[in-house]
Amino acid sequence: MFGRLFRIISHRADELLVVAAVLIGAAIFYTPSVMTKLESSGFTPIWAESTQVKEIIGSTFAKDEPAVIVLLKSESKTIDTPEFKAAASSVIEQIKREPGVTATHSYYDTRLSDLVANDQKGTLLLVGIEGDQARHEHVAASLRDNVKSDQLSLGFAGQAILNHDITQQ
């Protein structure tokens, strides 16, 4: 098999060089038009769960993605119990009082079931923050340090938290 391939290549070397030159020329010619369409975010299929969540977040936050995502989780209570609701309300109020927070969206005000864990013992809170990236990082770090709950475990994520943690290392 390789012997046959070698014979084809060696007997038609000039023709293969012409084909290669044409392909390289075409690639150089089309590069400028292709470069404007490329994004660094990669390819995500439309049916992927992450794409669907991004669309939900985009429709909830008209302009930008939330700077911080807070996971509210209980070991024993579900999101529809009065204890969980009260604890979640307390966390939401603490976050809203933080200077720089522009919006909060949770299951309780949107009724988006996508913000609820499958076991019903956790929910996501989406937090919008004003200003540039440095402001986002500052407010996000402040939220993580100051927002507390005795009844719920809190997890903080999002671009602002990630950027803050990376720059602090």
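I began with helix H1 (residues 2-11), which gives the most to the nonpolar patch, with three residues; helices here are DSSP runs of H or I with at least four residues, strands are E runs of at least two, and both are numbered from the N terminus. The model is predicted, so I kept in mind that local features need pLDDT of at least 70 and side-chain atom pairs pLDDT 80 or more, while totals for chains, interfaces and linings use all residues. Residues are numbered from 1 along each chain as its sequence is written, and side-chain values use heavy atoms, without hydrogens or water.

I listed the patch as Met1, Phe2, Leu5, Ile9 and Leu16, with about 590 Å² of accessible area together (Shrake-Rupley, 1.4 Å probe, with only the protein chains shown counting as cover for residues). Ile9 lies in helix H1 and counts as partly exposed because its relative accessibility is 41%, the class between buried (under 20%) and exposed (over 50%).

I then turned to strand S1. I found S1 antiparallel to S3, joined by six bridges, with Leu72 opposite Thr123 in S3. S1 also pairs in the antiparallel sense with strand S4 (residues 153-157) over five bridges (pairing requires at least two DSSP bridges), and Val70 stands opposite Phe156 in S4.

Lastly, I looked up Val68, which, leaving aside neighbours within four places in sequence, is in contact (heavy atoms within 4.5 Å) with residues including Leu125, Val127, Leu143, Phe156 and Ile161.

How values were computed:
Patches are made of residues with over 30% relative accessible area and no salt bridge: like charges are joined within 9 Å, nonpolar side chains (Val, Leu, Ile, Met, Phe, Trp, Tyr) within 5 Å. A salt bridge is a side-chain nitrogen of Lys or Arg within 4 Å of a carboxyl oxygen of Asp or Glu. Buried means under 20% relative accessible area, exposed over 50%, partly exposed in between (1.4 Å probe, protein chains only).
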